[in-house]
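Dear colleague,

Please find below the structure that I am handing over to you.

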Amino acid sequence: MNTPAITDIANAERGTSLWRDAWIRLQKNKLALLGLAVLIFFITIALLTPWIAPYSYETQDLNLGASPPSAQHWLGTDIFGRDLMTLIMYGGRVSLAVGFVATAVALVIGVSWGAIAGYSGGRVDALMMRLVDILYALPFMIFIVLLMVVFGRNLLLLFLAIGAVEWLTMARIMRGQVQSLRQQEFVEAAVSLGLSPAAIITRHLIPNALGPVIVYTTLTIPSVMLLEAFLSFLGLGIQPPQTSWGLLISYGAETMEEFPWLLIFPGAALTLTLFALNFLGDGLRDALDVRSSKD
Amino acid sequence: MSLLEVKGLKVDFVGRNGINHAVDGVDFDVESGKITAIIGESGSGKSVACYSLLGLIPRPPGKIVAGTAFFEGEDLLQMSEQGLRKIRGADIAMIFQDPMTCLNPYMKIGEQLMEPLIFHQNVSRREAKNRALELLEEVGIRDPHTTIDNYPYEFSGGMRQRVMIAMALINEPKVLIADEPTTALDVTIQAQILQLIADLQKKRNIGVVFISHDLAVVADIADKIIVMQNGKVVESGNRADIFERAQHPYTQKLLAAIPGGSKKSNANNADTLIRVTNLCTWFDQGKHHEPLKAVNHVSFSIKRGEILGLVGESGSGKSTIGRSLLRLLPITSGSVEFAGTDVTALGGRALKTMRRRMQMIFQDPYASLNPRMSVYDTLAEPLLLHKISHRKNVEQAVLKLMDDVGLARHFVRKYPHEFSGGQRQRIAIGRALATQPEFVVADEPVSALDVTIQAQILDLMLDLGREYGLTMLFISHDLAVVRHIADRILVLYKGEVVEQGNGQALFENPQETYTKQLLSSIPGARHLQTNP
């Protein structure tokens, strides 16, 4: 063990938080930082798209049709002669928003639901988890179709609907983690200190259960993006001329023999995002695990 | 003639922070029919020295730098992995510390016993089974014909260790390396396993290497003792040399660390702080079973400032009593009074206030600290929760606590995994003291620690107890430890109090058979009589 500088005591004054320490450790992981940078880059572009897009996504050039990448259209055009780069930029707005918002919804509901069930145990746990089982058993397509029919097609509602489906697995993972953690003596120590259940869950249980949750989150974001494409394909999500990466990919896949760029570029955008997410997720998991740090 | 002769063994571990000379020029030899004990605290290199002989250290980062280890004319250190595999488990066998994790939980013990036989000696299944049965009988497993088809979870810790020993013996090894084989066991079981190892070694004329951190454990069985510190042998000799004529200061320190002597009971006239009446804590075992009566009609009281020792083996309900007192477990019936208030009836705010006044120190300092909270967070939490310190001056209070429990101030931002077991236990003690409690339950606070560290922590607890005016319930399976620290002792057996009295009286004149049995199990009692 190295002898740390005395300045550490000064640092302690500012409060040592797991998250601050995690951020310091994350900064040492170059790959994770690269992932973060790529994500920030994509998000910035998505936010600025209406101002920086080279064309409007409605502008068609039917005479041009599907054309390969050229000086005017860097990534080529689709079969209606629309600029593919513009489409990818607008599509990214939808896909990233669906990915992050729906996953955030799933994360918040799932983690708190699972943690409460796991910590309470007994009847509360049984009741809460049976509800999860019932929701699992409901065919989720019907659920979303119903929502769309009752409330009309609405992007925000779509986010919430997907999130409301995805949290189920998250809740199960969290519950399993919390169940094994709460057997540990440090939880008993927290009880004997007089901490309230809410404080025990937020301070002692959730930080120790984050590893698997983060890994699952990075897996959820892409699956949510693809889910949106599927729903849009069925006419339940967003409609042309609006678009998303998922939609672009599924149209691109239909014509990939004649116009491969229609598949390659949207695919590359999605893949890059997923890589970035994975690197960041792994980095975060390691950063939050204080044991992995060697200093 | 030596069976195994190790000379000038040097093992390095190459890490990020440079090279660690884990074993630094160690010589020892093992003779057939003799027990060689290697003693040292964690990190002294005693296990690494033995494991490296069999190629069982991870390489890298481990590296054997120099030395020879001749076994039957061949140098083990020069042998190929294939050659070693033939010797491991066949000619040189091992027993590990933790019988709970060393058996495959999904395999019947019979299968596990037969596996090395079939692998090493190519014998038929039927013959292997017969050998397994004989051995189980030899290591003292009752009714081997039935138990051979049992899974490990169906055995107690001591029985599992017997199975492990049978497993080690099945290929009739010439050398047996036992790495802390009794550390995870209760005192009474430990005595039985030590006896078993000594008997088997005599009967089969094998050479035993017995690795331990505790000199007392080997006092009755070792022929030769080697004391290691920081990778070097600091002293070696026969039993009498070590116990009666120890030269090296480290050996003397180890001897002194063995808890001995009874604490003088200061008969005080203080008022009663804790009064437990007819406490029952039963666990439901489903509708069709009798409840498990972990604690059954136990009554006792503790005076203010007194340290009450609670002794019993695993499953005697001693931890359950501690947890029941602190309302960490729901009790079935009876009452627990704390300064006249019935704790069992409290709830809400009153319970939170009461929790501040009674704290617990847990057995396993590795599990009782939140791995994601630094020392600062761990100690600040109770201070802020009970508004003992204001947010502005909590840092001073945390540092004061660290001073009290003997932790250097610059550790304040470190996380639990960066500390040794003893240091972690200091953090846990600091956390318990942070609420300025009047009563502390210490549940086996030193049983997971090395002997030398054990002595330090016990002294710390005695000092702090005096300084903070603590009343303590000290739970342990180790009578010697309890005798050292407690004013009065309660002996628990199967959930009931069988005997109580002050340390001196209990030790000199035990009344109950069970107490006598406990007393006779204390390792090395005969050799340590002279030691105050």
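**Findings in chain B**

Strand β3 (residues 35-39) of chain B and strand β8 (residues 207-212) of chain B run parallel and are joined by 5 bridges. Please note that the model is a predicted one. Within this pairing, B:I35 stands opposite B:V208 in β8(B).

Both strands belong to an open sheet of 6 strands with mixed pairing, in the order β6-β7-β8-β3-β9-β10 (chain B). Its edges are formed by β6 (92-95) and β10 (232-238) of chain B, each of which pairs on one side only. From one strand to the next, the twist averages 15°.

Helix α1 (residues 46-53) of chain B lies across β3, β7 (175-179), β8 and β9 (224-229) of chain B, and runs at about 145° to β8(B). Helix α6 (residues 157-169) of chain B packs on the sheet, where it touches β6 and β7 of chain B, and its direction makes about 170° with that of β6(B).

A helix pair was also examined. Helix α7 (residues 187-204) of chain B packs against helix α19 (residues 513-521) of chain B at an angle of about 55°, with the axes 8 Å apart. The angle makes α7(B) oblique to α19(B), and the crossing is left-handed. B:V187, B:T188, B:Q190 and B:A191 of α7(B) meet B:Q517, B:L518 and B:S521 of α19(B). This contact has 3 nonpolar, 4 polar and no charged residues.

Finally, B:E381 is found in helix α13 (residues 375-385) of chain B. B:E381 counts as buried because 22 other C-beta atoms lie within 10 Å.

With kind regards

How values were computed:
Residues are numbered from 1 along each chain as its sequence is written. Chains are lettered from A and ligands numbered from 1 in the order in which they are written. This is a predicted model: local features need pLDDT of at least 70, side-chain atom pairs count only at pLDDT 80 or more; totals for chains, interfaces and linings use all residues. Axes are lines fitted to C-alpha atoms, for helices over the stretch in contact, and angles run from 0 to 180 degrees between N-to-C directions. Helices (H or I, at least four residues) and strands (E, at least two) are DSSP runs, numbered from the N terminus. Angles under 35 degrees count as roughly parallel, over 145 as roughly antiparallel, 65 to 115 as roughly perpendicular and the rest as oblique. A crossing is left-handed if the near helix is turned anticlockwise from the far one by less than a right angle, and right-handed if clockwise. Two residues are in contact if their C-beta atoms, placed from the backbone, lie within 7 Å. Ala, Val, Leu, Ile, Met, Phe, Trp, Tyr, Cys and Pro count as nonpolar, Asp, Glu, Lys and Arg as charged, and the others, Gly among them, as polar. A residue is buried if 20 or more other C-beta atoms lie within 10 Å of its own, exposed if 12 or fewer, and partly exposed in between; C-beta atoms are placed from the backbone. Two strands pair if DSSP finds at least two bridges between them.
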